Amino acid sequence: MEKMRSYFRQSFARQFILLVASFFIIFVVGATALSMYQATLVTSFEKKKNQIEMKMKYAQEIEQAFNQAFSDARGYLAFNRKEFKLSIFREQENAQTGLDALELAATTKDDKQFILKARQFASYYFGDLVPEAIEAFESGNIQKVLSLSENGGTASIEQFQFQMKTYKQSLNDQLDGAFRQLSKEQQIAQTAFIVFVFLMLFLLAAIARIMTKKIGAPLRALAHMAEKIANDEQVHNNDVIHTAREDEIGKLAQAFRKMLMSIQEKEESLMAHNEELLAQQDELEVQQAELEQALEAMQARERELERYNDFIQGLSNSLDRQEVLHSIVFNMARVMEADRGMIVLMNEQKTYAAFGLSPYGVEQFLTYVYNGLHQRLFEQKKPFVLKREVAASEKGYHEETMFVHDVFLPVLSNESKVQAILVFSRFGGPFSDEEVHEYVGLTKQISISLQKMELYEQTEQARETVQHILNTVQEGIHFVDRDGNSVIVNKQMADLLQKETIAELGGASYEQWARGLIEQSDAGKTLCDYLRAIIFNGDEEREPFVYHLPQKRKVIQVYAKPLYRNGERQGTVFVHRDITKEFEVDQMKSEFVSTVSHELRTPLSSVLGFTELMLTKELKPERQKKYLTTIYQEAKRLTALINDFLDVQRMESGKQTYDKKYEDLVSIIENVIETQKVNTTIHQFRLQKETDKTTVLGDRDKLAQVFTNLISNAIKYSPDGGNITVRIYERGNRLCVDVQDEGLGIPEEALPHLFTKFYRVDNSDRRRIGGTGLGLAIVKEIVKAHEGEVAVTSELKKGSTFTISFPLVVMARSREDERDIDDKQAHAHVIIVEDDENLAALLEAELKDSGFRVKLVKEGKEAIELIQKEKPDAVVLDIMLEEHDVSGWDVLKELKQNEELAHIPIIISSALEEREKGMALGANSYLVKPYQPSQLSKTILQMLLNKERQGEIFVPLNEEAN
Ligand code: ADP
């Protein structure tokens with residue numbers, strides 16, 4: 001029992017279930033009892049009702065049977081019909097059956113009395129009255145019948161009918177009584193039900209009260225406490241409900257208390273934590289402030305960088321100086337929000353660009369670039385800012401005092417030199433230190449830009465120099481990249497490729513550049529294959545290729561060299577060499593061989609033939625003389641031929657020496673004509689002299705050779721004879737000589753080659769005419785050595801004219817000049833520095849002969865002293881002097897360094913072949929020993945004359961020959 005109680009005490013839910021369960025049990029039991037009672041009531045009423053209704057039915061049947069019998073009897077008696085009589089008796093039976101049934105159902109005293117009376121009446125009626133009547137009737141005793149009826153028959157029937165009625169009434173009353181009882185009892189049952197319901201409600205209320213009491217109060221206490229906690233009121237341990245209860249509430253209270261404790265504990269730790277957090281927050285706030293500062297600085301830096309970037313973006317990428325400067329000024333002004341500004345490069349031209357400035361302002365600035373204000377920039381190399389009042393011209397319509405801020409910035413090069421200066425003005429406000437600092441950063445960028453530009457200009461210059469160098473090279477040079485595109489080309493190459501300018505070839509593809517060359521070459525396809533094989537197949541080992549340009553009469557040899565950079569092939573360099581000369585030389589060699597063999601053999605065969613004749617045969621003296629004359633002439637011809645060869649050889653190697661003097665051309669030509677006349681009878685010679693200035697400075701023999709060659713050709717190549725005219729005339733400052741004939745003439749295509757060695761015009765008319773092709777080549781060489789020129793005009797079958805021109809020697813002809821020369825010679829003082837006694841004596845004799853005053857000196861030192869003292873008109877200086885520490889070079893240097901002596905002409909006379917060095921050191925002429933002493937006199941004289949006349953130093957004509 002005790003266990004059971006504790007079982008319920010531990011759980012509030014169990015207690016609740018127990019109470020609710022008890023309530024249900026009571027409710028079910030009560031309700032069942034009530035409804036059963038109700039049912040019993042109804043059942044007993046139904047039973048009673050059935051009984052009464054049964055009795056009523058039987059009573060009805062009995063009444064009916066009697067009433068039928070009464071009517072049947074009357075019917076029989078009235079109508080004498082048998083069936084009525086039979087029916088009477090049938091009804092008797094029915095009445096009897098009804099009575100029996102009623103007797104069985106009878107319950108009350110009334111029923112039994114009625115049954116008794118009915119039975120008595122039945123026995124009277126059917127046993128007595130009816131038979132008597134029927135008998136009477138059948139016997140016709142109607143009186144009796146009547147009497148019977150009157151004597152009581154009718155009365156008893158009526159009495160019975162009354163009894164019957166009364167009984168039926170009592171039955172109805174019984175039924176009513178049963179109803180009434182039933183409703184009474186039902187009323188009682190309803191009342192009982194209502195009472196039961198109230199009872200139940202009361203019970204429920206009691207349970208609810210218990211529950212509220214058991215849960216509500218402690219819950220309210222808890223809620224109150226929780227509210228207190230929620231409102232942050234202090235709750236003490238004591239305030240917490242202490243209950244011994246073991247159920248859920250008890251446990252809840254317990255848990256609540258624990259919770260409270262733990263909350264309080266936690267709160268304390270939270271408070272501590274909170275304090276810590278507050279401290280941390282303070283720290284964070286400090287940090288945040290720092291970060292904000294840093295952010296601000298960063299944003300400022302970012303803006304600065306943006307402007308910087310803007311500036312750099314804005315800078316022109318062009319390499320054009322003016323464009324770059326302009327973009328610098330424009331962008332700087334934009335970044336600075338300046339209203340005007342200017343940049344000036346510190347180069348010689350003071351290149352500048354300005355923004356918002358008038359040309360006058362710019363000019364003024366440029367004029368005073370180096371004034372005190374800007375000087376500061378050059379000295380300190382630091383920017384500075386000025387604030388000044390706005391000048392009236394700048395003010396516009398403003399009247400009040402206004403200020404403008406100028407910033408001066410130097411642009412420093414890598415070597416910290418002021419490369420350029422920048423000046424900007426701002427009306428809007430002052431320049432802060434930060435801004436100026438920022439601009440200094442920008443000037444670095446400007447410096448880079450300027451350097452880039454300079455670098456570009458230098459590269460461009462270098463490129464141009466390279467191009468110039470390339471252009472000076474005689475060969476056509478062409479660098480082609482691996483895809484065959486033209487990269488570098490020189491002028492000569494452009495000519496070969498038939499382009500007007502080098503620029504046309506810039507980046508030209510193989511097809512573009514090669515076409516011109518291939519079209520004009522005689523080896524189009526093979527040349528094309530050659531170039532392609534090298535460019536596209538890298539076939540670099542190919543031998544040089546030779547092609548002809550028929551139109552240009554050129555022979556070109558091309559070779560290719562691959563160009564590598566870091567081991568990788570960059571392309572190919574083609575060198576097109578003009579080998580026309582070599583080619584012609586080769587050709588000439590073969591021509592030479594054939595000519596020589598022919599030209600030598602002819603005289604040799606006559607020499608051999610005639611000597612053989614003379615040796616083998618006895619000849620008459622006249623014959624012998626004739627033969628010997630022929631032999632002599634042929635031998636002379638051979639000698640002349642060989643001399644021609646040697647002359648050409650000498651002239652070409654520069655070894656031919658000329659003994660130049662002032663000579664009269666007319667006499668030379670007259671002599672030549674005289675000797676040439678002998679060889680012909682069919683030509684007429686005419687000499688036309690149209691000028692008096694016929695003197696030339698030249699070698700008589702060589703000049704004679706020139707005219708001999710020309711006149712002999714005129715004879716040779718006019719086989720039908722005709723006039724041969726030699727005309728001497730002046731043209732400009734030149735003396736010209738025409739040698740004209742009326743012979744074969746020269747085909748036009750031969751004219752350019754006429755003066756090359758061994759060249760002979762090859763056609764049938766002149767094959768018979770012998771020759772070596774050297775005559776005109778010799779003419780050209782000699783004329784060249786006399787600073788002359790030779791030209792030819794010709795018409796086929798009409799004749800040719802060869803024209804030679806020499807520099808006009810004016811003074812040599814006039815009396816005045818001749819006197820002048822004598823004067824010079826008479827007064828001119830020459831010092832000879834020569835250690836070889838014999839040579840010195842020879843030179844002295846020659847110069848004295850020519851009328852100079854001469855002094856000899858052997859040593860260098862001595863020479864300098866003497867020259868200083870005497871200031872001669874000319875010095876003849878040997879280089880290798882006895883005294884070794886002072887050589888001729890030293891003397892020369894010393895003299896040229898001395899202002900007083902530097903003008904004295906110096907003729908070096910040396911065995912050393914160091915002409916270049918001598919001329920470079922300032923010598924006026926260089927004679928290589930051995931030379932003819934007369935040459936020295938002539939040189940000195942010429943030099944003095946020239947110096948006098950033109951105030952210039954004279955370089956003698958024969959210089960090259962030495
Ligand atoms: P060569 O007379 O020995 O053949 P040159 O050098 O004197 O050699 O002449 C070269 C060529 O020029 C000659 O072969 C000749 O065909 C031509 N020639 C020179 N002078 C004349 C001339 N006066 N008239 C026609 N042809 C000339």
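The model is a predicted one, in which local features need pLDDT of at least 70 and side-chain atom pairs count only at pLDDT 80 or more, while totals for chains, interfaces and linings use all residues. Residues are numbered from 1 along each chain as its sequence is written, and side-chain values use heavy atoms, with hydrogens and water left out.

Asn80 sits in the loop between H2 and helix H3 (82-105); helices (H or I, at least four residues) and strands (E, at least two) are DSSP runs, numbered from the N terminus. Although Asn80 is not a glycine, its phi is positive, about 55°. Most residues other than glycine have a negative phi. Asn566 is also not a glycine and has a positive phi, of about 50°. Its place is the loop between strand E9 (554-565) and strand E10 (568-578), and at 78% relative accessibility Asn566 counts as exposed.

Helix H2 (residues 12-79) packs with helix H4 (residues 109-138): their axes come within 11 Å and cross at roughly 15°. Axes here are lines fitted to C-alpha atoms, for helices over the stretch in contact, and angles run from 0 to 180 degrees between N-to-C directions. H2 is therefore roughly parallel to H4, a term for angles under 35 degrees. On the H2 side, the residues that meet H4 include Phe66, Ala69, Phe70 and Ala73; on the H4 side, those that meet H2 include Ala118, Phe121, Ala122 and Tyr125. Contact means heavy atoms within 4.5 Å.

The largest nonpolar core has 45 residues, and Leu665, Phe707, Leu710, Ile711, Leu754, Phe802 and Ile804 have the most contacts inside it. Such a core is a set of buried Ala, Val, Leu, Ile, Met, Phe, Trp, Tyr and Cys residues joined through side-chain atoms within 4.5 Å. Helix H18 (residues 700-716) gives the most to this core, seven residues. Apart from this core lies another, of 35 residues, among them Ala69, Ala95, Phe114 and Leu171. Leaving aside neighbours within four places in sequence, Ile804 is in contact with residues including Val706, Phe707, Leu710, Leu735 and Val737.

His753 is found in the loop between strand E15 (734-740) and helix H19 (764-767). At 18% relative accessibility, His753 counts as buried. Beyond its neighbours within four places in sequence, His753 is in contact with Arg553, Glu584 and Tyr759.

Technical notes:
Buried < 20%, exposed > 50% of the residue type's maximum accessible area, 1.4 Å probe, protein only. Parallel < 35°, antiparallel > 145°, perpendicular 65-115°, else oblique.
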